[in-house]
Amino acid sequence: MSISNLGLSLLVITMNLCIYSIIGSIIGIRLGNSQIKISAKNAAYCTFFTTLISSMCLVYAFVTNDFSIKYVFMHSNLSMDPAYTWVAMYAGNEGSLLYIALVISLSILLVLLFKPKDMNESEPHLIAIMSGFLLFFIGVMVFFANPFDTFQTNIPSDGRGMNPLLAHPGMFSHPPLLMAGLATISIPFSLITSMILTGTFRNNGLDFVRTTSLIVWSILGVGLLLGSWWAYTILGWGGYWVWDPIENVGLMPWLVMTAFIHSIIVQRRRGMFRVWNVLLIFLAFVLAQFGMFINRGGPVVSVHSFAASTLGYIFLGFMVFSALFCSLIFIANYNKIYSDNKIESVISREAAFLINNFFLLAITFVTLWGLIFPLINEVFYNETVTVGAPYYNAVNGPVILLLLFIMGIGPNLSWKGTSNSNLKTNLLYPSLIAIITFTFFFLSSNKPFMSSLALSSIALVLSTIIFEWFRGSRSLIKNGTHWLYAFFKLISNNRKKYGGYIVHISILLVALGVVGINFYQVKIDKVVSVGERIEIGNYKIEIAEINENNFNDRREKVATFLILDSNENIVDTLEGNNTFYPTFNMASIRAGILSSPIEDLYIIPSDFIDNDTMKLIISINPLVWWMWLGGPIFILGTLISLWPRNLNKS
């Protein structure tokens with residue numbers, strides 16, 4: 001049997017396993033037959049192994065340059081670095097669907113293995129829902145987007161090659177994490193839906209729901225941040241984010257999941273927000289399907305919608321089906337999830353969580369409107385319009401500032417209600433620091449009012465976290481803990497809380513980079529010749545040489561820049577390149593970047609006019625370094641939040 005036939009056969013087997021899991025679970029529920037339920041569960045387990053081997057078949061085809069498979073021909077060639085085989089697998093629609101199916105099947109396996117015993121009642125419903133989700137992607141591949149489709153005659157000797165924008169280290173992690181994040185939102189969705197159907201969505205399994213949600217949220221968050229780094233280094237945009245549609249469809253469910261993992265705390269602590277949490281997870285799931293539709297259907301223009309296809313209506317239909325399914329589940333089971341507990345005081349932590357949620361949803365819907373407005377305008381008025389960064393920044397900017405403000409206030413509030421004396425005590429020093437920060441930046445610079453307000457909001461949140469840590473550590477020291485050990489013991493004693501604070505610090509670092517590049521960036525465009533110098537800030541930049549390299553699939557021009565300080569001393573040597581790929585009619589630009597905690601010197605070789613002359617876009621981007629530091633801190637905080645208190649306990 002050929003590798004293509006084996007790969008497709010395994011997909012067909014997976015499809016049948018999914019069907020059996022769904023039908024077996026439903027029959028087992030109806031008849032109360034535990035043997036049928038176990039059989040359906042075993043079939044669900046097997047889907048991972050059949051999908052894994054099918055995926056390995058596709059990887060093997062890439063490694064062996066099997067150009068008889070159309071997908072391999074379209075996304076690789078003989079000159080491709082073998083290291084990019086992993087990237088090539090999901091470089092197009094068919095392969096990325098197989099990757100998503102692999103992620104979903106792995107999710108089914110892990111959820112069934114680690115699900116707590118108090119969720120056994122909802123297990124058959126869980127298997128049916130997750131298997132149904134996997135069945136959709138497997139069915140699309142089997143009937144519409146076969147990654148193992150082959151040439152019957154005239155088998156090519158070489159391939160077309162991979163999208164040049166994907167030939168970047170960030171592509172080993174950014175697309176797979178982003179796709180995995182969108183796909184695995186199905187985990188908390190399936191968990192909660194199955195608990196609703198069995199009437200167990202109270203406190204049973206909430207810790208497991210929170211844990212899985214936090215993992216999914218962090219995967220999606222890291223994927224988005226890596227996407228920003230990729231855009232910053234390769235696309236020549238001159239920035240980390242331009243509200244690109246494909247990134248936006250990942251951002252929206254991440255924002256909703258952020259709201260969910262905060263409000264699920266209130267449900268665990270106070271038995272509140274059950275209805276709200278169901279709505280949030282349903283919205284996140286539907287937005288994830290919207291992201292699949294935008295990416296697969298190609299209804300909007302994006303620099304990296306590399307998985308676009310003609311399957312848009314299929315994914316649109318599945319999104320509509322998902323929305324209807326969620327609506328029916330919610331309406332039919334409202335009485336099972338309704339909570340009698342109410343917010344007792346506006347000045348309480350649960351109220352702050354709810355306000356936090358509203359701001360997150362406001363950013364989500366502003367972003368969603370920016371995505372769908374051009375589509376609506378084109379359908380009804382036959383006019384093509386674009387919604388760019390100015391709209392998003394102008395509308396979302398103030399909402400994000402309000403969100404930061406709530407992040408600073410919330411930790412100082414108590415559950416149920418906060419006394420005026422406690423509020424004054426907890427907020428006194430953070431408020432003073434915020435006011436001093438605002439006054440200093442407002443009076444010492446000519447930048448917009450919003451920049452000073454943003455920096456003071458960051459100072460408010462950071463000082464709140466620091467004082468919270470200080471008070472907790474001081475309490476431990478008074479009880480006899482050594483001061484060097486107190487800080488770490490404090491985190492260890494309440495990992496969920498202080499891990500969350502560390503995540504908040506990572507968000508603040510990202511916000512700091514956003515403020516730096518949006519309000520304090522210095523930028524020039526200029527045509528420069530070899531030997532000529534440009535001055536910007538404290539730097540002098542000289543083009544040392546321009547080299548041209550020709551390859552089978554591309555023409556590459558590389559410029560070498562000497563970076564000098566104000567005293568004419570060479571600080572560093574940078575390279576920037578502009579590579580043209582004739583097959584794709586596409587250019588890939590890599591910026592030369594000199595990075596420090598204070599600022600980045602960012603040089604884009606925008607256009608090579610001749611052998612000695614080029615157009616440069618040069619900017620000084622303050623504080624961007626802190627944005628990238630936020631990534632590891634984000635991961636650290638998430639791991640601390642997830643780390644079990646006692647590894648010996650199940």
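A salt bridge here is a side-chain nitrogen of Lys or Arg within 4 Å of a carboxyl oxygen of Asp or Glu. The legends below describe close-up views of a predicted model.

**Figure 1. Lys540 and Glu568 form a salt bridge.** The closest N and O atoms of Lys540 and Glu568 are 2.4 Å apart. Glu568, at 37%, is partly exposed.

**Figure 2. Arg533, Lys540, Glu542 and Glu568 are linked in a network of salt bridges.** Besides the bridge between Lys540 and Glu568, the view takes in the one between Glu542 and Arg533. In the pair of Glu542 and Arg533, the closest N and O atoms are 2.9 Å apart. Glu542 is buried, with a relative accessible area of 16%. Arg533 is partly exposed, at 37% relative accessibility.

**Figure 3. A salt bridge joins Lys496 to Asp207.** The closest N and O atoms of this pair are 3.7 Å apart. The partners come from distant parts of the chain, 289 residues apart. Lys496 lies in helix 19 (residues 495-519). Asp207 lies in helix 9 (residues 206-234). Lys496 is partly exposed, with 37% relative accessibility. Asp207 is partly exposed too, with a relative accessible area of 42%. The count for the model comes to eleven salt bridges.

**Figure 4. Five strands form an open sheet in the order 2-3-4-5-6.** The pairing in this sheet is antiparallel. Strand 2 (533-536) and strand 6 (586-590) stand at the edges. Each edge strand has a single partner strand, so one side of each is left without a neighbour in the sheet. From one strand to the next, the twist averages 25 degrees.

**Figure 5. Strand 3 and strand 4 pair over ten bridges.** The two strands run in the antiparallel sense. Glu548 stands opposite Lys557 in strand 4.

**Figure 6. Strand 7 and strand 8 form a hairpin.** Three residues join strand 7 to strand 8. Strand 7 covers residues 592-595 and pairs with strand 8 over four bridges. The sense of this pairing is antiparallel. Gly592 stands opposite Ile603 in strand 8.

**Figure 7. Strand 8 pairs with strand 9 over nine bridges.** The pairing is antiparallel, and strand 9 spans residues 613-622. Leu601 has Ile620 in strand 9 as its bridge partner.

**Figure 8. Strand 8 is largely enclosed by the rest of the structure.** Strand 8 covers residues 599-608. Eight of its ten residues are buried, so the strand is largely enclosed. Strand 8 pairs with strand 7 over four bridges and with strand 9 over nine bridges.

Key
Residues are numbered from 1 along each chain as its sequence is written. This is a predicted model: local features need pLDDT of at least 70, side-chain atom pairs count only at pLDDT 80 or more; totals for chains, interfaces and linings use all residues. Side-chain values use heavy atoms; hydrogens and water are left out. Buried means under 20% relative accessible area, exposed over 50%, partly exposed in between (1.4 Å probe, protein chains only). Two strands pair if DSSP finds at least two bridges between them. Axes are lines fitted to C-alpha atoms, for helices over the stretch in contact, and angles run from 0 to 180 degrees between N-to-C directions.
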